Every structure is written in C-alpha cells, then in structure tokens.
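Let's take a walk through this structure, one stop at a time. Have the sequence and the 3D view ready.

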Amino acid sequence: MAIGKDDVEILKPRTDKREYRRIVLKNSLQVLLISDPETDKCAAAMNVGVGSFSDPNGLEGVAILLGHILYFASEKYPVEGTYLKYIIEHGGSTGAIISSDNTNFYFDVNTDGFEEALDRFAQCFIKSLMSADATTRGIKAVDSEFKKNLLSDSWRMSKLQRHISMEGHPYHKFGEGNWDTLEVRPKEKGVDTRQELLKFYEENYSANLMHLVVYSKENLDKIQSLVEYKFQEIRNSGRSFPSFPGQPCSSEHLQILVRAVPIKEGNKLKIVWPITPEIRYYKEGPCRYLDHLIGHGGEGSLLYILRKLGWATTLYASEGNWTLEFSVFQVDIDLTNAGQDHMQDIVGLLFKYILLLQQSGVCKWIFDELSAICETGFHYKDKVHPISYVRSIASMMWMYPPRDWLVRSSMPSNFNQGIIRMVFNELSPDKVRIFWESKKFEGLTDMVEPWYGTAYSIEKVTTSMIQEWMSLAPKENLHLPAPNIFIPTDLSLKDPEEKIKHPVLLRKSSHSRAWYKPNTMFSSPKACVKIGFNCPYARNSPEAQVLTSIFAELVMDYLNEYGKLDCILVVACDQVIE
C-alpha cells in the first residue's frame with residue numbers, strides 16, 4: 001500500500017504526453033511512476049543513496065563489488081544468472097553505475113516481459129543472496145574492470161586529482177577496488193570480505209535511502225498496484241543519508257601545478273577550483289552562467305583567442321566531481337604542440353578573462369539568454385530511450401523536491417547577482433589547482449600515484465606568479481559575447497495549408513536546388529537544414545580527401561564561433577554535407 005500520493009504537479013516538458021505520479025510506499029520508498037502508452041520498451045531504475053565514499057576503511061571497492069553481484073541471485077530466485085538470462089531473453093539490458101555517494105541499478109525489457117522482470121529486480125533489494133562463490137567472481141570482475149582502466153588517461157588523471165587531497169577525506173579513497181583491496185589485504189587481516197559485504201548491504205540498502213522510477217505502457221493506477229505489491233517488502237532500517245562535510249583539499253593541496261605523464265600522446269591542461277556546489281542554488285544556476293561564458297567559443301572568448309594564437313583546439317568549462325557538500329569548477333583545454341610551450345600565457349589569459357567577467361559584473365541580459373536557451377531545450381527536447389530516462393531521473397531524485405524531478409538544474413530561472421558573484425569570486429589564484437599532462441614530462445617527475453602508477457611532480461604556484469603570468473600574457477581583445485540573435489522568441493507552429501507527404505522543390509537553378517518538407521507530427525519548433533555541395537574532386541586522391549576534411553572542420557569552427565550552431569559536417573562520397 002502507498003502511504004502517500006502527492007498532489008504536487010511534477011513540472012514536465014510542454015510537448016511531453018506521458019503521465020507522471022509520485023507515491024511513497026509504507027516502507028518510505030519514494031517512487032516516480034511514468035505511463036507511456038506509445039512505448040515498446042518498459043524500464044525501471046533504483047537509486048540507492050550510498051556509494052564508494054561509504055566503503056569501510058581498509059576494504060576499498062565494496063560498494064562497486066555489491067553493484068556487480070546484487071543481481072546474481074535472490075532468495076525468491078536462487079539460481080544464479082537467471083535474472084540476466086530473463087532480461088536478455090526478453091529483448092532487454094541491465095546495468096549498474098556506482099558513484100561516490102549513490103548507486104544506480106537499472107534495466108529495460110520488451111513490454112510483454114516487464115512484470116516478471118520487475119519482480120526479479122525487486123527481489124534483489126528485498127533479499128539478495130551473494131554466495132561465497134559469487135563474491136569471489138565479483139571480486140575478479142571488479143579487478144578486471146580496474147585493470148582495463150589502467151591505461152585510460154581519464155581514469156588515471158581523475159585518480160591523481162583525488163590522490164592529491166586530504167587523506168582523511170573520502171574523496172581521497174581508492175573507490176574502484178581491485179583484487180588486492182578486496183581479497184589479498186582482507187585475508188592478511190583475517191577479514192571475511194563476504195561477511196563485510198553482507199553487513200554493508202544490510203546496513204545501507206534501506207528503503208528510505210532509495211528512489212525508484214518505473215516506466216511502463218500501462219496506466220498509472222495499474223503501475224502503482226504493481227509497484228506496491230512488488231517493492232513494499234524492502235526493509236527500512238531508518239538509516240540517514242551518509243554525509244561527507246568539508247572540502248577535500250587543504251591549503252597544502254591548493255595553489256599547485258601538477259605535471260603528469262599520460263599514456264597517450266597529447267597535451268592537456270586542466271585548471272580546477274573548489275567551489276560551493278551549484279545544487280544548493282540550482283534555480284540560480286551560477287555554474288551554468290560561468291561555463292556559458294568561460295566555455296564560449298565566439299569572437300572575443302578565451303577559446304577564440306587561443307585558437308587564433310594556435311595554442312589550443314578545444315576548451316570546456318563545467319562543474320565536476322560534486323556532491324551536496326563540496327564541488328569543483330574546471331576548465332579543460334586541449335593544447336597544440338605550440339600551446340604546450342605557452343602554459344603560463346594560457347593560464348594568464350584564463351585569469352585575465354575571469355577578471356574581465358568579474359569587472360563586467362553579472363549581466364542580466366546574459367542570464368536571460370541562458371535561461372531562454374535552457375527553457376527551450378527542456379520543453380522541446382527529444383524523447384530518449386526509456387532505460388536512459390529512468391536512470392537519469394532516479395540518480396537525481398534524492399537531491400530535488402518532487403516538482404523538479406524532471407527539470408532538475410537544467411532550467412535556471414532566478415536571477416541573483418550575489419550568488420553568481422559568490423561563485424565567480426571562488427575562481428581565484430589562491431585556490432587554483434593546475435594539472436598539466438604531456439609526454440614531454442617523462443623522466444622529469446619525482447612521484448608516482450600508487451594505484452594507477454601515474455608519474456607526476458608538484459610545484460607551488462603563488463598568487464604573485466599568476467599575476468605575473470597575467471601581465472606577460474598576450475594583449476588580446478578579450479570581451480563578452482555579443483547578444484545571441486538566434487534565440488527564438490516565437491515558438492508557435494505554422495500548420496501548412498495542405499498536407500505535404502513528399503519534399504517540395506521550392507527553387508531550381510543551374511547551380512542549386514532547394515527542397516522543403518514540413519513536419520508537425522511531434523509539435524516541436526525545430527528546423528533541420530541540410531546542404532549538400534557536389535565536390536567531384538573531394539575523393540580524387542588521399543590528399544584531396546584530407547584537404548576536404550580540413551575544409552569541413554574549418555567551416556565547423558567558423559560556424560561555432562559565429563553562433564554556436566548545432567552543426568554536423570560529414571564528408572561522404574563526392575559531397576560535403578552540412
């Protein structure tokens with residue numbers, strides 16, 4: 001039985017015809033029901049509010065191990081492997097994602113196999129068995145996954161960032177786990193990993209820490225009855241959500257330049273600051289405002305200048321590695337070989353641009369543009385696959401009130417200069433962490449990260465040093481972006497006077513033809529323009545093909561600088577197609 005059925009209206013896209021309902025079961029499990037009569041797949045996702053930060057000390061990787069073997073067998077379905085076998089036989093897929101503070105389990109199947117699949121799924125949370133043999137196989141799977149990532153630069157650099165932090169903070173932990181942390185070391189200490197795994201499951205997998213999303217073609221009442229019957233027996237131990245207060249980096253770990261040796265060729269620069277998590281001010285969107293400006297590619301932007309100087313190819317700015325308690329803002333730059341020799345100039349230009357933004361103040365017109373773009377993106381976004389939809393919703397439900405379960409932080413609407421300025425001011429020289437990756441540092445480092453073996457060195461970077469870099473950086477014309485003329489103000493659809501089944505030839509000349517085909521089926525105010533250029537010599541030779549590809553990339557760069565248009569360029573046969 002459900003003890004709660006909210007009358008709160010869940011904000012959904014204007015074009016979304018699906019129905020939604022929030023219920024709370026008697027065991028305090030919060031559930032979002034989604035009815036989509038048009039779907040050919042049903043799906044479900046369960047998010048548990050515990051992750052690798054909660055690994056017991058000396059037993060790193062338990063949360064990930066549990067994510068691997070929870071599905072193996074349950075008391076009601078004791079034969080191992082039957083859950084996965086059933087899902088596959090009914091056209092589905094399944095998986096789990098373990099992060100620092102939550103674990104997300106999910107699956108999808110064809111509609112005719114959903115009810116039993118949902119029951120098998122629920123039993124994993126009611127009473128998963130996790131035999132000794134399954135535990136050993138799970139440890140081997142965790143170790144195999146770890147070894148697979150040993151040659152991944154993204155994993156290696158992520159762990160290096162976490163390694164250079166306070167040892168007492170869970171951010172510093174080796175959350176991935178491997179054979180050594182889950183088998184060898186526990187045995188040396190007389191610790192039974194399986195018993196610790198069961199203890200972790202019993203203590204943390206509590207219904208009040210879970211959020212469930214169920215997506216079906218049935219009506220909401222039928223889905224609710226199904227969910228109440230199958231999930232009400234999950235125990236509720238009354239456990240509180242884990243909390244990890246405080247920033248993971250002390251002054252010792254700030255104002256540093258880390259030179260690291262990657263596996264692959266290439267030069268990268270990552271500039272990181274600890275900041276206040278945006279989740280606390282998600283309707284004000286301070287980080288969205290920042291990454292919109294710092295990550296902008298238009299004329300006068302940092303990326304525009306770096307490309308003009310021939311020092312960088314891409315630049316991304318975003319919030320990353322965040323929890324409710326702490327977060328970071330990071331700028332990732334892919335350097336050219338020439339840019340590798342100008343690290344100080346590039347960092348100097350970045351801080352000059354941040355100073356420009358601070359001195360310009362928080363602009364309401366920029367926030368309004370960003371808000372309009374986000375609002376249009378939310379209300380007219382395309383449907384995604386049910387399994388992706390339930391997974392993304394379930395993973396964030398615990399952080400937002402029910403009304404915002406779908407929109408979350410994707411639509412900032414409250415303009416607040418003070419909050420945006422507060423986060424702006426956190427991007428200061430006295431809090432920066434600079435990570436510089438290059439093969440050129442081989443043989444020039446003096447430390448090694450213990451888990452992935454990344455060679456690195458650390459150098460202190462003072463505020464006066466960065467101020468000097470700023471003063472010596474090229475005198476380029478950095479400025480705010482111009483108003484975006486492509487933001488729509490009228491999203492109403494124009495119905496064609498007559499139904500057109502096939503493209504209509506609007507214009508024909510000796511050099512070109514223009515075709516048009518209206519489509520109002522999905523009531524979406526979107527237009528797609530494809531332009532094909534006949535280039536008979538585009539693939540005449542390897543040289544011609546390379547030059548054509550370079551030309552296409554240059555066109556992409558120009559269009560992105562002009563209006564950040566959503567463009568795809570493909571070189572196909574004897575055409576360049578936009």
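Before we start, one term: two strands count as a pair if DSSP finds at least two bridges between them. Keep in mind, too, that this is a predicted model.

With that in hand, look at strand E2, residues 19-25. E2 pairs with strand E3, residues 30-35, in the antiparallel sense, and six bridges link them. If you want a spot to check by eye, Ile 23 sits opposite Val 31 in E3. Together E2 and E3 make a hairpin with four residues between them, and in the turn you'll find Ser 28, which has a positive phi of about 75°. Six of the seven residues of E2 are buried, so the strand is largely enclosed by the rest of the structure.

Is Lys 230 buried or exposed? It's buried, with a relative accessible area of 7%. Setting aside neighbours within four places in sequence, Lys 230 touches Glu 115, Leu 118, Asp 119, Ala 122 and Ile 126.

Now for the interior. In soluble globular proteins, nonpolar side chains tend to be buried together. Here the largest nonpolar core has 53 residues, and Leu 269, Trp 273, Tyr 289, Phe 329 and Ile 333 have the most contacts inside it. Helix H12, residues 343-360, gives the most to this core, with nine residues. A second, separate core has 52 residues, including Ile 69, Phe 121, Leu 197 and Leu 212.

Last stop: Phe 329. Beyond neighbours within four places in sequence, its contacts include Trp 273, Cys 287, Ser 318 and Leu 427.

Notes:
Residues are numbered from 1 along each chain as its sequence is written. This is a predicted model: local features need pLDDT of at least 70, side-chain atom pairs count only at pLDDT 80 or more; totals for chains, interfaces and linings use all residues. Side-chain values use heavy atoms; hydrogens and water are left out. Buried means under 20% relative accessible area, exposed over 50%, partly exposed in between (1.4 Å probe, protein chains only). Helices (H or I, at least four residues) and strands (E, at least two) are DSSP runs, numbered from the N terminus. Contact means heavy atoms within 4.5 Å. A nonpolar core is a set of buried Ala, Val, Leu, Ile, Met, Phe, Trp, Tyr and Cys residues joined through side-chain atoms within 4.5 Å.
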